[in-house]
Amino acid sequence: MAGLTEQYDFLSRRCVWVNGPIIVGAGPSGLAVAACLREKDVPFVILERADCIASLWQKRTYDRLKLHLPKQFCQLPMLPFPEDYPEYPSRKQFIDYLESYAKHFKLSPRFNQSVQSAKYDETSELWRVRAAGACAEPGNVSADVEYIGRWLVVATGENAEEVVPELEGLEEFGGDVKHVCDYKSGEAYRGKRVLVVGCGNSGMEVSLDLCDHDASPSMVIRDSVHVLPREVLGKSTFELAILLMKWLPLWLADKILLVLAWLVLGNVERFGLRRPSAGPLELKNTQGKTPVLDIGALGKIRSGDINVVPGIKRLSPGKVELVDGRLLDVDSIILATGYRSNVPQWLQGCDFFSKDGVPKSPFPNGWKGKSGLYAVGFTRRGLSGASSDAVRTAMDIGRLWGEETNVAKRIFACHRR
Ligand SMILES: Cc1cc2nc3c(=O)[nH]c(=O)nc-3n(C[C@H](O)[C@H](O)[C@H](O)COP(=O)(O)OP(=O)(O)OC[C@H]3O[C@@H](n4cnc5c(N)ncnc54)[C@H](O)[C@@H]3O)c2cc1C
Ligand SMILES: NC(=O)c1ccc[n+]([C@@H]2O[C@H](COP(=O)([O-])OP(=O)(O)OC[C@H]3O[C@@H](n4cnc5c(N)ncnc54)[C@H](OP(=O)(O)O)[C@@H]3O)[C@@H](O)[C@H]2O)c1
């Protein structure tokens with residue numbers, strides 16, 4: 001592979017010298033930055049813990065998923081979606097697009113390479129990145145590989161690990177319990193009473209899917225939530241929000257969005273969906289909390305097909321006790337309780353990321369750290385944020401790469417003379 005030199009150290013751990021950046025993660029962010037680097041002729045290696053690209057989309061999302069934002073906000077740099085794609089591409093179409101993106105830019109990640117640690121070595125001024133392989137290769141004492149290079153690009157995503165809350169009595173519950181990342185469709189739940197914990201975009205859409213498969217979902221809303229229509233007068237709410245934020249202060253943009261939401265959806269508080277005191281854009285900016293873009297769940301809440309319930313007090317065999325004292329009979333539980341970054345688990349000795357695993361500096365300043373460290377895809381702005389990070393990162397590394405290779409060429413030319 002271009003730009004790599006392999007050696008064995010005395011512990012039989014393979015050491016790989018990477019002549020360019022080490023990119024961790026082959027999701028949309030990792031692919032986007034790699035494509036931009038390819039365009040600049042900068043060699044790189046992509047390390048991916050799964051056995052495929054975009055593993056979140058391929059392995060950990062449900063069948064009916066579509067992009068919630070119009071396609072122009074979800075395409076990666078330098079290759080638009082095919083023209084015949086609909087406004088909101090399906091999960092399958094998005095995966096096909098990513099596969100053709102990887103093929104187009106000749107991106108071949110090293111799969112089954114789960115990064116366990118990454119540390120900057122001050123003495124050598126190099127990053128040492130240790131990855132564990134899924135299985136030991138024949139003839140190798142250890143499947144661990146240490147990648148060594150000048151630059152580290154963190155592209156492991158904001159949704160790397162599922163959040164599983166501690167619920168009292170969960171072990172005694174006895175029914176099927178799974179996180180939404182393992183949910184595929186409501187087919188397996190036909191006729192069942194299902195408790196969906198969480199009311200983000202996942203909780204809402206899974207509750208809707210359960211209704212469509214003749215299951216009876218109860219959705220836990222423990223606090224407040226902003227639900228917005230996906231479109232207002234045929235225009236995407238997201239696009240409208242961007243436009244409003246360009247010209248108006250945030251509080252005014254929020255007010256307008258909420259009035260529009262009220263005109264389209266009516267008063268959602270009547271159905272148990274209390275709105276937070278902060279507006280949807282303010283909440284997204286300050287806490288990274290994504291508003292729900294309604295694609296039909298609200299209608300099912302209105303009709304009573306989705307039963308909205310408050311927080312959980314405890315679970316017991318086949319039952320859930322709610323904080324208001326009600327007792328529900330439940331067959332299965334789906335935890336739509338969100339995701340988190342895993343960066344703090346493996347990136348060592350670096351204060352660029354917060355304890356939650358996102359850069360401390362907010363967008364647009366969270367893409368570059370010290371000593372050749374970059375972060376792509378941690379903007380809380382989905383795929384469009386990832387693309388903008390990728391372009392900036394590749395431009396910066398490309399410039400440094402150009403400077404270093406020019407110096408090397410000059411030294412080489414002097415030696416020849
Ligand atoms: C259900 C769902 C729907 C979404 N829909 C949209 C949408 O419509 N529009 C939008 O803009 N955003 C959406 N998002 C947000 C989503 O996170 C981004 O779209 C996109 O996947 C982010 O890309 P990424 O590459 O940063 O992260 P990911 O897609 O999560 O990719 C990160 C990759 O890094 C790998 N990895 C993680 N840790 C390690 C490690 N230690 N070593 C090696 N590899 C590792 C993972 O296996 C993964 O392949 C959605 C998220 C979810 C969960
Ligand atoms: N089609 C799409 O585009 C699509 C579909 C699905 C998801 N997504 C995206 O994927 C990302 C993750 O979404 P998500 O919905 O999976 O997660 P999320 O937005 O983080 O929502 C998690 C939900 O779980 C609740 N929760 C957490 N712990 C709880 C507990 N112990 N008891 C009760 N409720 C609890 C949270 O409530 P609190 O608010 O009270 O903490 C919140 O409602 C988001 O960016 C989202 O937009 C996109």
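One term before we start: two residues are in contact if their C-beta atoms, placed from the backbone, lie within 7 Å.

What you are looking at is a predicted model, where local features need pLDDT of at least 70 and side-chain atom pairs count only at pLDDT 80 or more, while totals for chains, interfaces and linings use all residues. Residues are numbered from 1 along each chain as its sequence is written, and chains are lettered from A and ligands numbered from 1 in the order in which they are written.

**Stop 1: the two domains**

Colour 4-160 + 341-416 as domain 1 and 165-338 as domain 2; such bounds come from an automatic or database domain assignment. The C-alpha centres of the two domains lie 32 Å apart. Where they meet, 9 residues of domain 1 are in contact with 14 residues of domain 2. On the domain 1 side, the touching residues divide into 4 nonpolar, 1 polar and 4 charged. Here Ala, Val, Leu, Ile, Met, Phe, Trp, Tyr, Cys and Pro count as nonpolar, Asp, Glu, Lys and Arg as charged, and the others, Gly among them, as polar.

**Stop 2: a four-strand sheet**

Switch to cartoon view. Helices (H or I, at least four residues) and strands (E, at least two) are DSSP runs, numbered from the N terminus, and two strands pair if DSSP finds at least two bridges between them. Select S4, S3, S8 and S23: in that order, these 4 strands form an open sheet with parallel pairing. Strand S4 (45-47) and strand S23 (373-375) stand at the edges with a single partner strand each, so one side of each has no neighbour in the sheet. Neighbouring strands are turned by 20 degrees against each other on average, direction ignored.

Zoom in on strand S3 (residues 21-24), which pairs with S4 in the parallel sense over 3 bridges. Ile-23 stands opposite Ile-46 in S4.

**Stop 3: the cores**

Which residues have the most contacts inside the largest nonpolar core? Select Ile-22, Ile-23, Leu-31, Val-33 and Val-153, and you have them; the whole core has 58 residues. Helix H1 (residues 28-39) gives the most to this core, with 7 residues. A nonpolar core is a set of buried Ala, Val, Leu, Ile, Met, Phe, Trp, Tyr and Cys residues joined through C-beta atoms within 7 Å. A residue is buried if 20 or more other C-beta atoms lie within 10 Å of its own, exposed if 12 or fewer, and partly exposed in between, with C-beta atoms placed from the backbone. Apart from this core lies another, of 41 residues, among them Ala-215, Ala-297, Ile-312 and Leu-315.

**Stop 4: a five-strand sheet**

Next, pick out S10-S21-S11-S12-S17, the order of the 5 strands in an open sheet with parallel pairing. Strand S10 (176-179) and strand S17 (307-309) are the edge strands, each pairing on one side only. Strand S12 (residues 216-220) pairs with S17 over 3 bridges in the parallel sense, and Ser-218 stands opposite Asn-307 in S17. Helix H5 (residues 201-212) packs on this sheet, touching strand S11 (193-197), S12 and strand S21 (332-335).

**Stop 5: a hairpin**

Show residues 113-121 and 126-133: these are S5 and S6, paired in the antiparallel sense over 8 bridges. They form a hairpin with 4 residues between them, and Glu-125 in the turn has a positive phi of about 60 degrees.

**Stop 6**

Most residues other than glycine have a negative phi, and most peptide bonds are trans. With that in mind, select Phe-363 and Pro-364, joined by a cis peptide bond with omega of about 5 degrees. Pro-364 lies in the loop between helix H10 (343-346) and S23. Ser-371 is also found in the loop between H10 and S23, and its phi is near 55 degrees, a positive value. Finish at Arg-380, in the loop between S23 and helix H11 (382-416), with a positive phi of about 60 degrees.

Technical notes
Axes are lines fitted to C-alpha atoms, for helices over the stretch in contact, and angles run from 0 to 180 degrees between N-to-C directions.
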